[in-house]
Amino acid sequence: MWLADSLDGLHPAVLFIVVMLAGLITIAALSIGLGFLITRVVEPVWGIGAADERVNVWLAAHRTPSRTDASLIGSILAGGVVLPIVAGVIAFTCVVLRRWRIAAFVVFALAVESATYRATTLVVHSHRPRVARLESLPVDASYPSGHTAASLAVYCGLVLLLTSRFTHTIFRVVAWTTAVALVAFVATSRMYRGMHHPLDVAGGLAVGVAALIVVVFACRSAGAAAESRAGARTDGGRA
């Protein structure tokens, strides 16, 4: 890859970190810029904010005990306890099997997403939906939806790994359908609970996708560098 060639001589692990940090800075800046665009132009100037709010009002008006319980499950599936456990178990298993790049992919997909979300909410202050909220979280951290971003980064990232190994069409369809359904369930749950607007969820989806792209690119760059070093050692041994 061109990046591996341009940074020739770096250890693959160092190259991975360089690419990952550069990508993180880039998507954090883009996420912050998009957040300002939405909160200062799209919602107040274009009038989308009122329509955005009506979705949450409608969801709050149709709450039932069973739906509320389901929304709690959706939030837990993408919460700060479940996803780190999922990522940690997968990464530990990969380390035991000496699949270093896969372990790094799982851990850093979540790390890049989380760092981008934190950076965005520190700079962009967006008020949460003005409905009865079912969780006690800071009211000025509505954009983007961190749960949505994290669920996409982890669950779709896991499916990306699985489908690169198991290429049967039926497996791919089932795996991707399950991952997309999980992310949709999480996103709907967060809106139902009055924690995010639809535009916040859209921002979360963008952050999750961007985090996956960055980490995939970092892994491929590191892989290309490792192959280059291996080839150089082989050529040296033959000389």
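Modeller: Start with burial. A residue is buried under 20% relative accessible area, exposed over 50%, and partly exposed in between. Keep in mind that this is a predicted model.

Colleague: Is Leu21 buried, exposed or partly exposed?

Modeller: Leu21 has a relative accessible area of 41%, so it counts as partly exposed. It is found in helix H2, residues 12-42. The C-alpha atoms of Leu21 and Ala103 are separated by 17 Å, and these two residues are 82 places apart along the chain.

Colleague: Which class does Glu53 fall into?

Modeller: The relative accessibility of Glu53 is 17%, so Glu53 is buried. The residue sits in helix H3, residues 48-61. Its C-alpha atom is 9.9 Å from that of Glu43, ten residues away along the chain.

Colleague: What is in contact with Glu53, leaving aside its neighbours within four places in sequence?

Modeller: Pro129, Arg130, Val131 and His197. For polar contacts, look at pairs of N or O atoms within 3.5 Å. The side chain of Glu53 reaches the backbone nitrogen of Arg130 at 2.5 Å, and a polar contact of 2.8 Å joins the side chains of Glu53 and His197.

Colleague: Where is His197 placed?

Modeller: His197 lies in the loop between helix H8 (169-192) and helix H9 (198-238). With a relative accessible area of 4%, His197 is buried. Not counting residues up to four places away in sequence, His197 touches Asp52, Glu53, Asn56, His127, Arg128, Pro129, Ser142 and Met191.

Colleague: Now charged pairs. How many salt bridges does a search of the whole structure find?

Modeller: Two. In one of them the side chains of Glu135 and Arg190 meet at 2.6 Å, N to O. Arg190 is buried, at a relative accessible area of 1%.

Colleague: Which residues form the salt bridge of 2.8 Å?

Modeller: Arg193 and Glu135, through their side chains. Arg193 lies in the loop between H8 and H9 and Glu135 in the loop between H6 and H7, so this pair ties together parts that are 58 residues apart in sequence. Arg193 is buried too, with a relative accessible area of 6%. Through shared partners, the salt bridges join Glu135, Arg190 and Arg193 into one network.

Colleague: That leaves empty space. How is it found?

Modeller: Rolling a probe the size of a water molecule over the atoms shows where empty space is left. A pocket is an open set of points, whereas a cavity is one where the probe fits but cannot get out. Here the largest pocket holds about 860 Å³ of space. It is lined by 26 residues, and the closest to its centre are Arg99, Ile102, Leu161, Leu162 and Ser164.

Colleague: Which helices supply at least two residues each to the lining of the largest pocket?

Modeller: Helix H5 (82-96), helix H6 (100-123), helix H7 (146-165) and H9. H7 gives the most, with seven residues. By class, the lining of the largest pocket has 16 nonpolar, four polar and six charged residues.

Colleague: What volume does the second largest pocket have?

Modeller: About 410 Å³. Among the 20 residues that line the second largest pocket, the closest to its centre are Gly80, Tyr117, Arg118, Gly146 and His147. H5, H6 and H7 each supply at least two residues of this lining, and H6 gives the most, with six. The lining of the second largest pocket divides into nine nonpolar, seven polar and four charged residues.

Colleague: How many cavities of 30 Å³ or more are there?

Modeller: The count comes to one. The largest cavity has about 60 Å³ of space. Its lining takes two or more residues from each of H5, H6 and H7, and H7 gives the most, with five residues.

Colleague: Which residues line the largest cavity?

Modeller: Val86, Ala87, Ile90, Phe105, Val106, Ala109, Leu110, Ala153, Val154, Gly157, Leu158 and Leu161. By class, the lining of the largest cavity has eleven nonpolar residues, one polar and no charged.

Terms used
Residues are numbered from 1 along each chain as its sequence is written. This is a predicted model: local features need pLDDT of at least 70, side-chain atom pairs count only at pLDDT 80 or more; totals for chains, interfaces and linings use all residues. Side-chain values use heavy atoms; hydrogens and water are left out. Helices (H or I, at least four residues) and strands (E, at least two) are DSSP runs, numbered from the N terminus. Buried means under 20% relative accessible area, exposed over 50%, partly exposed in between (1.4 Å probe, protein chains only). Contact means heavy atoms within 4.5 Å. On a 1 Å grid over the protein atoms alone, a cavity is a set of points where a 1.4 Å probe fits but cannot get out, and a pocket is an open set with protein on both sides within 12 Å along at least five of seven lines; lining residues have an atom within 4 Å of a point. Grid points are joined across faces, edges and corners, and a volume is the space filled by probe spheres set on the points. Ala, Val, Leu, Ile, Met, Phe, Trp, Tyr, Cys and Pro count as nonpolar, Asp, Glu, Lys and Arg as charged, and the others, Gly among them, as polar. A salt bridge is a side-chain nitrogen of Lys or Arg within 4 Å of a carboxyl oxygen of Asp or Glu. A polar contact is a pair of N or O atoms within 3.5 Å; within protein, one must be able to donate a hydrogen and the other to accept it, and residues adjacent in sequence count only if both atoms are side-chain atoms.
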